[in-house]
Structures are given as C-alpha cells and as structure tokens.
Amino acid sequence: MSEELKAAVAAGVLGSEESFRSLLQSVVEVARAIFGAKASSIFLFDEDTDELVFEAVAGEGAESLIGQRFPSSTGVAGWVLVTRQPLVIEDVTEDPRFSKEVAESTGFVPKGLMAVPLLYDERSLGVLEVLDRPERAQFSLVEMDLLGLFANQAAIALDLLRRARRAAAVLAESGEGADVVARLAATVEGLEDEQRTAGVKLLAALEEVLRRNEGG
Amino acid sequence: MGQPEPDKEKRELPEIPKEYRPAWSLPADAVDSISLAVEWPGQVTRDWAWGDSAGKGVRVCILDSGVEADHPLVGGVQRSVAVSIGEDDEVIVEDDSEGDLCGHGTACAGIVRGLAPDCELISVRVLGAGFTGSGGVLLAGLRWAVEQGFDVINMSLSTTKHQFAGILHELTDAAYFRRTVLVASAHNMPVESYPWRFSSVISVGSHEEPDPLTFFSNPNPPVEFFARGVDVEVAWLGGARIRCTGNSFATPHMSGLCALVLGKHPELTPFQLKSVLYLTSTNVGGGR
C-alpha cells in the first residue's frame, strides 16, 4: 500500500472506531428508552477467542461491564448467537442457576430479558439484549418486531466497528511509521477549515524539507 | 427385407428380484404390493387425527442446547448425546451428562412432553463447543438424528450461511423420504436462513393465543404454521418455570402435535402428516 493510500484510508479509519462505538451506545440507549427497560447491552462476537464481549451498555452496570467476556455458545446470549433466533424470557430470577451466573458476571440480576441476534449479511455478529422491561400482562409480537428493527441497526453499526478495527490493525501492522502518517492525516482531516489549510501548508513544507534532505 | 420382428407375446423375461427392481417405475403386477394402509375418513377431524393419543411409541428428538432430564415438566429423556467435531474434523457423538447449557432445550422438551406425555424424548446437544464451528456441529447433529430414524426432530436452529444451504437441503430431503418429520423454527427477522425455508420441513412461526392446541395454517408460505409462541410457561434450568416468547417455543408445540398424530397413525408419511395438520388447523378444520 502506498503512503498516500494509507493516509487516505487512515483518515477514514482512525477516529471512526470512536464514532461507531458512539453509534452502538446510541442504539442501546434508545432501545432501553423505547422499551422502558432498566438496561440494554450489545455483545460482539470475538472470532479470535470464540467469546462474546460486552461492547456497549446502557443503564445498570454500564461502567463495569464493557470489555467483559464469556463463552460464545452457553447461556441465553450464546444460544441466541448460535441459533440466530430471538428469545424473550420473563421472570429470570425464578431460575436460581441463571440468576447466579448473571449476578456473578454483571452484578445485576434481571427479572426478564429480550435477546436478539445481530445478523449482517451471512454473519451472526453478536447479540442485543434488553433487560427488565416493566411488568406487563403479556409480551406482544409487535415488540418482537420492534426489537428486530433495532437489531438491524445495531448489526450495521457492529459491522462498521469490526471493519474499522481490522483496518486500524492492518495499518498498525504495516509498520515503518505508517500509523504515524495515518494519524497525522486523520488529525488534519478533523481540523476546521482555516486550521486545516494551515495544517496542510505545514505538512507540505515538512514534506519538502524531508525530500531535500533525502536528495542532499 | 429387414429382420423379422420378435414375437412380443412369447418373449420371456427373467424375473427381477423385488429388491433389485427400480424404484422409479411401477409394473402392472406390482400395484397391489404398494396398496397403502391409511384409510382416510370423509372428514379429517382432530378426534380422528389424535383423539386418545398420548404419542406412545413416537421418538421425538430435541436438537438443541441439551435437556435437564430430571425437570418435572420434562419427565425424563430416553437418551442424551452431545455432538462435537474432533481435531481431525471427525464427528464425535457421545453420551451427554452436561444437561442443558442454556435452558432452551429443556423448555422445548417440556412443551413436547406436555402435549404428548407418552412419547420418547431424545436430546441431541449441538451447542456448547463454541460459536466457531457451530455450523458444522449443527449439520453433524442433524445428520446423526436423521440417520437414527427418529419420528420427529424438533429444531429451533437455523443458519444464515449459504455454504450450508445445499447440504441442509439434502439432509432435510433425506429425512422427508425416511419418514422423519423435521419441525423447524421460522425466522421472524428479514434474513435468509435455513432449513426452515425448505418445503420438506414443517416451518413454524408464533401466534399470540394462549391455547397450546390452537394452530393456524399459513396460506402465504414459507412459514407454514403458526403455533403458540407468546408468553408460554416453560421448563427452565434448575427445575424452574419461566415465561418465554419466540418462534422457538412455537416449534415444539407443532412437534408435540406431530407426536400425537403419529402415535395414533404411525404409518403417515411427512407429506400426509402435513396434510393432516393442515386439515385440523384452527383456521381450516375450525379445531374440530
């Protein structure tokens, strides 16, 4: 990859992880608000370790959960990931084993949860969960459809996040200062008009100096 | 002049043993040998279909997360196996003592048992060995279950991987011709997934009625039937009972009904069984 191309790619990649994380965060915040739930979270499937990782959390337990991992094919989230089927469970606390597991890993015991797979293209990327909806007489299929719509949005955001991370990793691995150049390009890209013009001039001057040194 | 025509009337043909006769043709003298046992009534009612049946003798396979055999709503399972893929890609099927790794398999087993108390339940666990490779385990588990000749296979699993679609299609067709009824959860999200879309299986979505015997035939497939799938009380881990929603809980309702019908009419093929379910659907036979 040429330095120019790397810089161009980097301008799109660096900093985008943060944006995509914000998008995921926004999805769980809205899901939580729409369903009137106590918490909502998104798990990303980590291919390298075959685990599910808390990627975004809204509500109770939010601070401590991000980054926590657990096996990819056990528990309700694992079942949903593997089977690609959504699941709604009420009265989870009636199940002593389930409560214990959840309580140990999250410090928060839900009364019920909705879990839906995040499917993008052919892939099952993760799971969206909404915990503790307010008690209602009966869950309806309309809510299930609504959950599916949120899942689509979350799946797209999760896919973008995965791509951004992979691209960032490739840039970092390519070495020879490519990541420094990339970061610089991303920084200039992010500047306001006037500062940006000045920044580009400064970089052009730097380039000239470096080339002269190279020639001399 | 050409050669004389052989005398067709007098030509003697060797007798071909029955087992070597091609299966794609039917000689005139063989018609009696395939006369079918089913006598259809003028009107197929629920009483004809499964009246007095408790699913005795019918083997129902729960292809899922395992089953907690000692749960009161499950009432025991006849066999539990776990499927995994070994280091050399070999399929390993071994007796399973892990129970249920999620709760879902137990829920499905309990629903089937509730409808067909006398059926046999066999748990085939295809979950727990990680997500990576779970597609292969699912296929291996389904293949094993089809080879065992179970009467009903309940599967709430699907895959979105196109690469598995062809093999799954072959497996579901093999099941269909071996008289194994595959009951599969439909997807309620707008994605392509398998095997529920195949016509050789019975695909199931949810309705919101609270009655386990209310089920609807869908005139707009690929989802063929709607069964109870909202706010269902089910068995869960640790002897618990919880309320659940999802097509994956509607599916064992249809599996239970299949067990009831096959308990009374074991000779039915999947095609005939599906026809009976159609004729006894709440929106067709009116639940009579």
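**Figure 1. The largest nonpolar core of the predicted model.** This model is predicted, and its largest nonpolar core contains 131 residues. Among these residues, Ala154(A) and Val183(B) touch the most other members. Helix α6 of chain A, residues 141–174, gives the most to this core, with ten residues.

**Figure 2. The surroundings of Val183(B).** Which residues are in contact with Val183(B), leaving aside its neighbours within four places in sequence? The list includes Val152(B), Ile153(B) and Asn154(B), together with Val201(B), Ile202(B) and Val204(B). Thr251(B), Met254(B), Ser255(B) and Cys258(B) are also in contact with Val183(B).

**Figure 3. Helices α5 and α6 of chain B.** Helix α5(B) spans residues 247–264 and helix α6(B) spans residues 270–279. Their axes come within 11 Å and cross at roughly 110°. Angles of 65 to 115 degrees count as roughly perpendicular, and α5(B) and α6(B) are therefore described in this way.

**Figure 4. The open sheet of chain B.** Chain B has six helices and eleven strands. Nine strands form an open sheet with mixed pairing, in the order β3-β2-β4-β1-β5-β6-β7-β9-β8 of chain B. Strands β3 and β8 (216–217) of chain B stand at the edges, and each has a single partner strand, so one side of each is left without a neighbour in the sheet. In a regular strand, the side chains alternate between the two faces of the sheet.

**Figure 5. Strand β2 of chain B and its two partners.** On one side, four bridges join β2(B), residues 79–85, to β4(B), residues 120–125, and these strands run parallel. Arg79(B) has Ile122(B) in β4(B) as its bridge partner. Five bridges join β2(B) to β3(B), residues 91–95, and this pair runs antiparallel. Here Val83(B) stands opposite Val93(B), while the bridge partner of Ile85(B) is Val91(B). The strands β2(B) and β3(B) form a hairpin with five residues between them. In the turn, Asp89(B) has a positive phi of about 65°.

**Figure 6. The contact between chain A and chain B.** How many residues does each chain give to the contact? Chain B gives 39 residues and chain A gives 37 residues. On the side of chain B that touches chain A, the elements that give two or more residues are β11 (241–245) and α5 of chain B. Of these, β11(B) gives the most, with five residues. By class, this side of chain B has 14 nonpolar, 20 polar and five charged residues.

**Figure 7. Strand pairing across the two chains.** Strand β4 of chain A, residues 87–90, is joined to β11(B) by three bridges, and the two strands run antiparallel. Within this pair, Val88(A) stands opposite Thr245(B).

**Figure 8. Chain B as a whole.** The C-alpha atoms of chain B fill a box of roughly 85 × 55 × 35 Å, taken along the principal axes. Of the 288 residues of chain B, 49% count as buried. Among contacts in chain B with a separation of 6 or more, residues 24 or more positions apart account for 71%.

Notes. Residues numbered from 1 in each chain as written. Chains lettered and ligands numbered in written order. Predicted model: local features only at pLDDT ≥ 70, side-chain atom pairs only at ≥ 80, totals over all residues. Axes fitted to C-alpha atoms, helices over the stretch in contact; angles between N-to-C directions. Parallel < 35°, antiparallel > 145°, perpendicular 65-115°, else oblique. Contact = placed C-beta atoms within 7 Å. Nonpolar A, V, L, I, M, F, W, Y, C, P; charged D, E, K, R; others polar. Pairing = 2+ DSSP bridges. Buried ≥ 20, exposed ≤ 12 C-beta atoms within 10 Å, placed from the backbone. Core = buried A, V, L, I, M, F, W, Y, C linked by C-beta atoms within 7 Å.
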